[in-house]
Amino acid sequence: MASRSGFAPIRSQNFRFPVPSAPLTFEDPQAFREKSLWELVRALGVFRLCSFPLSCLLHGTVLGKRGFSMVLRETEPEIDKSLRKMSSLGLRPMLAVPIEEDLGESTGEQRYDDNLASMLECVRMSHSNSWSKDPMMQLKITALVSPELCVKLTSLMKEQKYDLNFFVKAMDKEVVTFPGLSESENAHFLRGLCRLNQIGQASINKVRVLVDAEYTYMNTALSVITMAMMKKFNQEDAWIWNTYQCYLKESRDLLLNAIRLSVDESFCLGIKLVRGAYMDKERKLAGKEGRDDPIHQSWAQTNESYNGSLEIMLNLISQNPDRYKIIVATHNEESVRRTITQMDELQISRDGGLVCFGQLLGMCDHVSLTLAQQGFSVYKSVPYGSVDDTLPYLARRAQENRAVLQGIRKERDLLRRELWRRLQGKFSGSK
């Protein structure tokens, strides 16, 4: 690939392979020192509730409407109070409208327009409030475009290549016809692209929008749509980001293709790197359809995929800091330590906005708070919306992220130690 101004050629021999430094540990219970006594008790209570069956949590029989600490309150003053508290701990909120649709769940244009209004409200709140100097938010394309259409487009894209300029023209409200779509499908897709364009227009130079990956049978279309948004809005900086799921066997190739496309189309690339959140359903569907399992066969292979993709991005960022950014979205302590080691070796600033970390609200706080106290940029994914919408979303995240739930025991023990230290201090008269 030819080198272009502002970009380094994608050649592995240009990468610098860092030597590991002393690892950062996540063993100090005083990571929770800024939390109030009530917050410590509440967090331990939530971890206790995690031992109840998932069906109980889903139906609210244990938590109730207002008891779940991972869900924001529904009025803006309540939201502002919660997020200002998070900001005081050195953490940055990343609002996520927890609405996604799968096949057979489409509810019509009015629902998509309502979802757009919610997302635009997320942009407004993220920008107008002083919760973070570099605000982010998440969105799912299937909240704005029907999943059936995304599946059909993914199938069509296996046979023909779509020019990104075609999507950009549609976002600019030019009447275009996408090959393979019926008249009604084309009309819906044009409306969906206009909805996405409104989010891009509202967020550029204000809020970074991280587009979530979803299921493999629609991800090709989602990625192409996201790349078209990048081509339009990421000329000077990365305002639209895409997500790469490293539990997929094809994830490394998808990432490298995105890097090449960003060079060919001359746009900045923002990456959200995750392990994945749809493993069970992906495997069941592949077995039902007689396809090869798209998921890595072992945890070790997924880790290798994640760490390899991480290394690629960190090296690119060190060479071209104006063109590439990443959020290391993981609860895995070893991946976090590896990132820190490589950032130090490559001399990437901790708080420069090029590399940041992300975890779910209410999970892995011992990692999040330790990172924030060490000067790293740390975002907590915060579901924004009604409890009826957010509980199913959180249940899916918890069900699919077993490694997160396995880490609860350590965080619970650290919380207990900090609570005991506080109580001892009260009885002895010390802090």
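# Close-up views of a predicted model

**View 1. Helices α6 and α8.** The axes of helix α6 (residues 164-171) and helix α8 (residues 216-233) come within 9 Å of each other and cross at roughly 75°. That angle makes α6 roughly perpendicular to α8. On the α6 side, the contact is made by L164, N165, F167, V168 and M171. On the α8 side, V224, I225, M227, A228, M229, K231 and K232 take part. Sorted by class, the residues of the contact of α6 with α8 are nine nonpolar, one polar and two charged. This view and the others below show a predicted model.

View 2. M157 lies in helix α5, which covers residues 147-157. Is M157 buried or exposed? M157 has a relative accessible area of 14%, and because residues under 20% count as buried, M157 is buried. Leaving out residues up to four places away in sequence, M157 touches Y162, F167, T220, A221 and V224. Two of these names come back from View 1: F167 belongs to the contact on the α6 side, and V224 to the contact on the α8 side. M157 and V224 are 67 residues apart along the chain, yet their C-alpha atoms are separated by 9.3 Å.

View 3. The secondary structure of the protein comes to 16 helices and eight strands. Eight strands close into a barrel, in the order β1-β2-β3-β4-β5-β6-β7-β8, and the pairing is parallel. From one strand to the next, the twist averages 30°. Which strand is joined to strand β1 (residues 92-96) by five bridges? The partner is strand β8 (residues 378-383), and the two run parallel. Within this pair, A96 has P383 in β8 as its bridge partner.

View 4. Strand β3 spans residues 208-211 and has both faces covered. R208 and L210 are on one side, V209 and V211 are on the other, and all are buried. In a regular strand, side chains alternate between the two faces of the sheet. Strand β2 (residues 136-139) pairs with β3 in the parallel sense over four bridges. β3 also pairs with strand β4 (residues 240-245), again in the parallel sense, over three bridges.

View 5. Helix α13 (residues 365-373) lies across β7 and β8. The angle at which α13 runs to β8 is about 140°.

**View 6. Helices α9 and α11.** Two packed helices are described by the angle between their axes and the distance between the axes. For helix α9 (residues 251-264) and helix α11 (residues 299-319), the axes come within 9 Å and cross at roughly 15°. That makes α9 roughly parallel to α11. The crossing of α9 and α11 is right-handed. S251, R252, L255, L256 and I259 of α9 meet E304, S305, G308, S309, I312, M313 and L316 of α11. The residues of this contact divide into six nonpolar, four polar and two charged.

**View 7. Helices α11 and α12.** Helix α12 (residues 333-346) packs with α11 at an angle of about 25°, and their axes are 10 Å apart. α11 and α12 are therefore roughly parallel to each other. The crossing in which α11 passes α12 is right-handed. Which residues of α11 meet α12? They are Y306, N307, L310, E311, L314, N315 and S318. In α12, their counterparts are S335, R338, T339, Q342, M343 and L346. By class, the contact of α11 with α12 has five nonpolar, six polar and two charged residues.

**View 8. The whole protein.** Of the 431 residues in the protein, buried residues make up 55%. Among contacts with a separation of 6 or more, 78% are between residues 24 or more positions apart.

How values were computed:
Residues are numbered from 1 along each chain as its sequence is written. This is a predicted model: local features need pLDDT of at least 70, side-chain atom pairs count only at pLDDT 80 or more; totals for chains, interfaces and linings use all residues. Side-chain values use heavy atoms; hydrogens and water are left out. Axes are lines fitted to C-alpha atoms, for helices over the stretch in contact, and angles run from 0 to 180 degrees between N-to-C directions. Angles under 35 degrees count as roughly parallel, over 145 as roughly antiparallel, 65 to 115 as roughly perpendicular and the rest as oblique. A crossing is left-handed if the near helix is turned anticlockwise from the far one by less than a right angle, and right-handed if clockwise. Contact means heavy atoms within 4.5 Å. Ala, Val, Leu, Ile, Met, Phe, Trp, Tyr, Cys and Pro count as nonpolar, Asp, Glu, Lys and Arg as charged, and the others, Gly among them, as polar. Buried means under 20% relative accessible area, exposed over 50%, partly exposed in between (1.4 Å probe, protein chains only). Two strands pair if DSSP finds at least two bridges between them.
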